[in-house]
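Hi everyone, thanks for making time today.

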Amino acid sequence: MTRKVADCRKYPSESHCTLTISGEEEEVLRAAAEHAVSVHQHEDTPELREQIRGLLEDEKAGS
């Protein structure tokens, strides 16, 4: 299974967040949603999770 990456540095924010999360897709999705709620004050909704899922990238080999 291909590991996925969510990288906050790719998305502008007032906090200039530098967090990168990698792992299996569902793990990354869950952790990224929790991060979006606790750090960026988003509401955890199905729409947020689908938006996050659409932004996930495949992890490059050797990363």
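This is a predicted model: local features need pLDDT of at least 70, side-chain atom pairs count only at pLDDT 80 or more; totals for chains, interfaces and linings use all residues.

Residues are numbered from 1 along each chain as its sequence is written, and side-chain values use heavy atoms, with hydrogens and water left out.

Let's look at the helices. Helices (H or I, at least four residues) and strands (E, at least two) are DSSP runs, numbered from the N terminus. Two packed helices are described by the angle between their axes and the distance between the axes. Here, helix H1 covers residues 25–38 and helix H2 residues 46–55; their axes come within 10 Å and cross at roughly 125°. That makes H1 oblique to H2. For the cut-offs, angles under 35 degrees count as roughly parallel, over 145 as roughly antiparallel, 65 to 115 as roughly perpendicular, and the rest as oblique. The axes themselves are lines fitted to C-alpha atoms, for helices over the stretch in contact, with angles running from 0 to 180 degrees between N-to-C directions.

Which residues in H1 and H2 meet? From H1 we have Glu 25, Glu 26, Leu 29, Arg 30, Ala 32, Ala 33 and Ala 36, and from H2 Leu 48, Arg 49, Ile 52 and Arg 53. Contact, by the way, means heavy atoms within 4.5 Å. By class, the contact of H1 with H2 has six nonpolar, no polar and five charged residues. In that scheme Ala, Val, Leu, Ile, Met, Phe, Trp, Tyr, Cys and Pro count as nonpolar, Asp, Glu, Lys and Arg as charged, and the others, Gly among them, as polar.

Is Lys 4 buried or exposed? Lys 4 counts as buried, at 17% relative accessibility. Buried means under 20% relative accessible area, exposed over 50%, and partly exposed in between (1.4 Å probe, protein chains only). Beyond its neighbours within four places in sequence, Lys 4 touches residues including Ile 21, Val 28, Leu 56 and Asp 58. With the side chain of Asp 58, the Lys 4 side chain makes a polar contact at 2.5 Å. A polar contact is a pair of N or O atoms within 3.5 Å; within protein, one must be able to donate a hydrogen and the other to accept it, and residues adjacent in sequence count only if both atoms are side-chain atoms.

Over in H1 sits His 35, buried with a relative accessible area of 11%. Leaving aside neighbours within four places in sequence, His 35 is in contact with Cys 8, Cys 17, Leu 19 and His 40.

Most residues other than glycine have a negative phi. His 16, though not a glycine, has a positive phi of about 55°; His 16 lies in the loop between S1 and strand S2 (20–23) and is exposed at 67%. Gln 41 has a positive phi too, about 60°, and lies in the loop between H1 and H2, exposed at 63%.

Finally, Gly 54 in helix H2 is exposed, with a relative accessible area of 62%.
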